[in-house]
Amino acid sequence: MSRGRNDGDLKKRLITWIVVIAIICGCLYIYSRNNGTSALEYGSKSLRKLGSSYLGGEDDGDEASSKSGEDPQDDAMLKSIPVCDDRHSELIPCLDRNLIYQTRLKLDLSLMEHYERHCPVPERRFNCLIPPPPGYKVPIKWPKSRDVVWKANIPHTHLANEKSDQNWMVVKGDKIEFPGGGTHFHYGADKYIAAIANMLNFSNDILNNEGRLRTVLDVGCGVASFGGYMLSSDMIAMSLAPNDVHQNQIQFALERGIPAYLGVLGTKRLPYPSRSFELAHCSRCRIDWLQRNGILLLELDRLLRPGGYFAYSSPEAYAQDEEDLRIWREMSALVERMCWKIAVKRNQTVIWVKPLTNDCYMEREPGTQPPLCKSDDDPDAVWGVPMEACITPYSDREYFNYALPTPFEFLAAHTVNMFDLLLCFFSYIEFVMEVRNVLSILMIPSEQHKAKGSGLAPWPARLTTPPPRLADFGYSAEMFEKDTEVWQHRVENYWNLLSPKIQPDTLRNLMDMKANLGSFAAALKSKDVWVMNVVPEDGPNTLKIIYDRGLIGSVHNWCESFSIYPRTYDLLHAWTVFSDIEKKDCGAEDLLIEMDRILRPTGFIIIRDKPSVVEFVKKHLSALHWEAVATGDAEQDTEQGEDEVVFIIQKKMWLTSTSFSDTE
């Protein structure tokens, strides 16, 4: 009897556990269905239903419509989207200090965490259109905009008063002028740039060094006059500054038509891959480079190419008071342990150069700080990744970004028969010896060879030359060249569709929301524009290919808001971005609202995606105050094997205080 009772109890317990597990699994399933949407799935139920019906998602409302025999696409037309309060005309959702105060985030102000990205949870997202400020006008066209903008577009004169003795900016009537000065270069960025080139003995005092220097990181850039005046030397700077006490400095830079990005050297890596810049620059940027074992300087080291330069203009480089001398001694000791050398020091500026090889790192005494990064550290992983106080060494393939082919690769490319095999064998030996002789010469860090550490072709040839790091993604030179050719054709088609609406100076600030290899931007070289190339954070980090081509960009997740002011870009290019959002289960409606936020009034959007996406966007045109410009069938050349449609949209100019008012 005892055994029977035990067996019965065991069965009861077993059944009980099965029921409990089934209930738990059922609850988890229901929870995942109800809460599986992303942080951007915020807003009215009607918006979510509309998005799911047109992007192929599932929704209970669709089932109800189907049961009643109605097609949800027949009636689903969004009538309006609310407008945000006027005080949000400069809202940057993931850099909103009001959000930090309201949610009482515990941040370390000494580490600049309050200037880093902190995106709102779904319940705190703004599901409304950002209004322009009163009196907003279509921005002044480039190149005139480099020197003057409308005051109404950025109604802030604080910097003009605070920096009046440094020629940052001057208010004149309804305009703000930019004389080209800066905290360190009162008499003009052009003269300062030429002085740096002269210090480095570059030909004709031109800083691009015959195309060898192309990409620049300007840290603490102010209103970006340094980057603005570099453009005439065929160089492009990523001008970087936080939204700090010098509010709107990046907004002024972008209004001027100068490439810029809101970011800070805080606790997270900057959203750029390793070895992206030939030159980093800091002019009175007020950064404590010694903090946390030099972690901020080591972040610059990660971003510099082999043989790259860091130009530093600061009191520590020349002042003789006790505190500045202490900082200079400690900073000099730090960069020496990092194997940087002084290329030149003159007056108030010092320029260091990064080593070309790992040799110096290997020769350091054991235990020398900062250490080398661990072998499993990925220097190109940047989205939300904390900085590390370590030196990123070069891999065997990266000294000159050049790798010799293996014998098998060489033979496969050159042999046809046995006779060819013998000839090819001797050719390979000769080839290897010749290349190694050349590299052994280039490895000498002499004045003649310092700038060759990247192994890239000079600009502009590097734009269309297959970069060596293509091999990291398994791409061949032929694939690269085909991609360049395809996008050249596509961009020509875009401009044909846009031609009735634009003049040569209509567009200046462009964004490619899914840049892949950067061929969209490369196809625009003849245009007087610049492109912010965006690479998804969860895909192949092809951004390093983009930088190797002499272009600039950032890693980003389109489930979140971009780190930039409203009304920044004249044109957004969205190639299958909405299809990607659908796969991520993000809110496509929120992406539309974000695109509207960063697009200038009268700006354009080019959507290249599947037909259902285009139909979905069309349902929102009226609510967003957009209008269709052109529609065209894309070429049958997509990798997905699926038809794509090109849809071009223009954002209308509208102003509001309490209601909409079209200016047409």
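How many aromatic pairs does the count come to?

Analyst: A quick note before we start: this is a predicted model, where local features need pLDDT of at least 70 and side-chain atom pairs count only at pLDDT 80 or more, while totals for chains, interfaces and linings use all residues. Residues are numbered from 1 along each chain as its sequence is written, and side-chain values use heavy atoms, with hydrogens and water left out.

The count comes to 22 aromatic pairs. Rings of Phe, Tyr and Trp (its six-membered ring) pair if their centres lie within 6.5 Å; planes under 30 degrees apart are stacked, over 60 edge-to-face, and the rest tilted. Take Trp 558 and Phe 562: their ring centres are 5.8 Å apart and their planes sit at 20 degrees, so this pair is stacked. Trp 558 is buried at 4% relative accessibility, and Phe 562 is buried too, at 0%. (Buried means under 20% relative accessible area, exposed over 50%, partly exposed in between, with a 1.4 Å probe and protein chains only.) Ring pairs also tie Trp 558 and Phe 562 into a cluster with Tyr 261, Tyr 272, Phe 277 and Tyr 547.

Some rings have a charge sitting over them (NZ of Lys or CZ of Arg within 6 Å of the ring centre and within 35 degrees of the ring normal). The charged end of Arg 146 is over the ring of Tyr 229, 3.8 Å from its centre. Likewise, Arg 508 lies over the face of Trp 142, 3.7 Å from the ring centre.
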